[in-house]
Each structure stands twice: as C-alpha cells, then as structure tokens.
Amino acid sequence: GGGGGGGEGDQNNLYVTGVPGDMDEQKLRDVFNAHGKVAQCKVLPARPGESKTVALVRLETHDDARRARDAVNGTILPGLSTPVSVRFAENKARGGDERESGGGG
C-alpha cells in the first residue's frame, strides 16, 4: 500500500447530492457508518418545489471519508430509486470562483 498525500489533504467532509427531501438522517448515517465512523450527518431541507436535496456527512478521518465516498457514490440507497452522488465538500476558504466544474457526463 502506502502512497503519499494527495491534493485532498485531510478532507473528511462529504457532500451528498440526489438525496430525497424526506430522507431520514439516521438512515443516511447508517449507510455511511458501514464504511467509516460518522462524526456528523445533516440532511438539508429541500428547496420549495424540489424533491431532491443534499446532505453533509463528516467522517472522523480522511480515510473513512474516502472509503465511504468510493463505496456510496453512484449507488442506490435502500428504499430509494435513484443513485446518489458523493464527493468531497469543497473548502470555501479559498474564495475562488466555482467555474471549474468542467463538462459533465
């Protein structure tokens, strides 16, 4: 194994999109707990008129977060019909603009 540090550093905050607005926080926590130790889990309220929302999950360590992201990203959670997307939450500290999301697909 081994491997030096990556650009992600100690990032352990995950940003989950495609979450149903009525997602149970405890259920989401259980999903991530299967892959690492969850420090914090928060499902944000859906915007008016939207059925999907986002959730923030913080794990105890970067390794746990990376493992959970790899395992959960693109999978369909129990009781759901569409896959969720998981990525590391950006650190907003730098104040750069948000145009570097590139093409998608």
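The structure is a predicted model, in which local features need pLDDT of at least 70, side-chain atom pairs count only at pLDDT 80 or more, and totals for chains, interfaces and linings use all residues. Residues are numbered from 1 along each chain as its sequence is written, and side-chain values use heavy atoms, with hydrogens and water left out.

Side chains of opposite charge can pair when their charged atoms come close. The term salt bridge is used here for a side-chain nitrogen of Lys or Arg within 4 Å of a carboxyl oxygen of Asp or Glu. Searching the whole structure on this basis gives three salt bridges.

Let me begin with R66 and D63, whose side chains form a salt bridge with an N to O distance of 3.5 Å. Both residues belong to helix α2, residues 62-72, and they are three residues apart, about one turn of the helix. Helices are DSSP runs of H or I with at least four residues, numbered from the N terminus.

How accessible are these partners? Buried denotes under 20% relative accessible area, exposed over 50%, and partly exposed in between, with a 1.4 Å probe and protein chains only. R66 is partly exposed because its relative accessibility is 36%; D63, at 40%, is likewise partly exposed.

I turn next to D64 and R67, whose closest N and O atoms lie 3.1 Å apart in a salt bridge. This pair also lies in helix α2, again three residues apart, about one turn of the helix. Here D64 is buried, at 13% relative accessible area, whereas R67 is partly exposed at 45%.

Finally, R69 and D70 form a salt bridge, with 3.2 Å between the closest N and O atoms.

Terms used
Helix = DSSP H or I, 4+ residues; strand = E, 2+ residues; numbered from the N terminus.
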